[in-house]
Structures are given as C-alpha cells and as structure tokens.
Amino acid sequence: MALKKPSKHSTQAEAIKQIIKRCSSFGKKHGYDGDNGLPHDVPKGHFVVYVGENRSRYIVPISWLGNPEFQSLLQRAEEEFGFHNDMGLTIPCKEADFLSVMSMIR
C-alpha cells in the first residue's frame, strides 16, 4: 500500500499550526507573564515576528497567516531558520520589503 503524499494545502495548514504553537510557547520560555504567556504588548489574536538585519520587532495579526504574500515570507523563514529556534519567528528579508508586504495586506 503506497503512502499518500500530503497536499500542499495540508502541509501549509500544519506549518501554520506549528507557527501558532511556536509563537505562543516562545513567551513562556522567555519569562513573559500574563494569562496567555505572551508579552503584555501583544494583543490577543496577534503574534510577534522579527525582521531585517536589526531584527526589528513587529506585532502582526494571526489572520495574516492565510495571506499568500505573508505565507511566502513564512516559507522563506522556514527554509532559512526553521520554526524550532529560540529567537522567535524571524523573517529573512529586508525591513523595507516586509513593510511593503504589510502595506499590501492591510
């Protein structure tokens, strides 16, 4: 019996679940407090990403995980850093490029 190759959609869904789990557990590992284990400045329904050479911190809505442009950035992040690192979710692009994507999504 041959194994069925996972569809691209199911692979992306699993990656998104992994990102959400990773982002929510990051705060707990680094001493952030609060009911949800996230820093106090991260509203419910959002998560933190780090972008650019200086690792600038951005708070983005979880709804962006379904956006194709943002998913492209996440794929780059997974390829370069993976989702299992202690630095949080780092997106490997220039900050200006990230801001451009942000303006298209909003």
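Below is a short chat about a predicted model, covering its helix packing, core, salt bridge and one backbone angle.

Me: Let's start with helices. How close do the axes of α2 and α3 come, and at what angle do they cross?
Reply: The axes come within 9 Å. They cross at roughly 150 degrees. Here α2 covers residues 68-80 and α3 covers residues 95-105.

Me: So are they roughly parallel or roughly antiparallel?
Reply: Roughly antiparallel. Angles over 145 degrees count that way, and therefore α2 and α3 do too.

Me: Which residues make the contact?
Reply: From α2, E69, F70 and L73. From α3, F98, V101, M104 and I105.

Me: On to the core. How many residues are in the largest nonpolar core?
Reply: It has 18 residues. V49, V60, F70, I91 and F98 touch the most other members.

Me: F98 keeps coming up. What does F98 touch?
Reply: Leaving out residues up to four places away in sequence, F98 touches V49, V51, Y58, V60, F70, L73, I91 and C93. F70 and L73 are also part of the α2 side of the helix contact.

Me: New topic. How many salt bridges are there?
Reply: The count comes to 1. The side chains of R57 and D41 meet, with 2.7 Å from N to O.

Me: Why can side chains like that pair?
Reply: Side chains of opposite charge can do so when their charged atoms come close.

Me: Where do R57 and D41 sit in the chain?
Reply: R57 is in strand β2, residues 56-61. D41 is in the loop between α1 (8-29) and β1 (46-51). They are 16 residues apart, and the pair links distant parts of the chain.

Me: How accessible is R57, and what about D41?
Reply: R57 has a relative accessible area of 34%, so R57 is partly exposed. D41 is at 42%, so D41 counts as partly exposed as well.

Me: Last one. What is the phi of R55?
Reply: Near 55 degrees. That is a positive value in a residue other than glycine.

Me: Where does R55 lie?
Reply: In the loop between β1 and β2. At 32% relative accessibility, R55 counts as partly exposed.

Methods: Residues are numbered from 1 along each chain as its sequence is written. This is a predicted model: local features need pLDDT of at least 70, side-chain atom pairs count only at pLDDT 80 or more; totals for chains, interfaces and linings use all residues. Side-chain values use heavy atoms; hydrogens and water are left out. Axes are lines fitted to C-alpha atoms, for helices over the stretch in contact, and angles run from 0 to 180 degrees between N-to-C directions. Helices (H or I, at least four residues) and strands (E, at least two) are DSSP runs, numbered from the N terminus. Angles under 35 degrees count as roughly parallel, over 145 as roughly antiparallel, 65 to 115 as roughly perpendicular and the rest as oblique. Contact means heavy atoms within 4.5 Å. A salt bridge is a side-chain nitrogen of Lys or Arg within 4 Å of a carboxyl oxygen of Asp or Glu. Buried means under 20% relative accessible area, exposed over 50%, partly exposed in between (1.4 Å probe, protein chains only). A nonpolar core is a set of buried Ala, Val, Leu, Ile, Met, Phe, Trp, Tyr and Cys residues joined through side-chain atoms within 4.5 Å.
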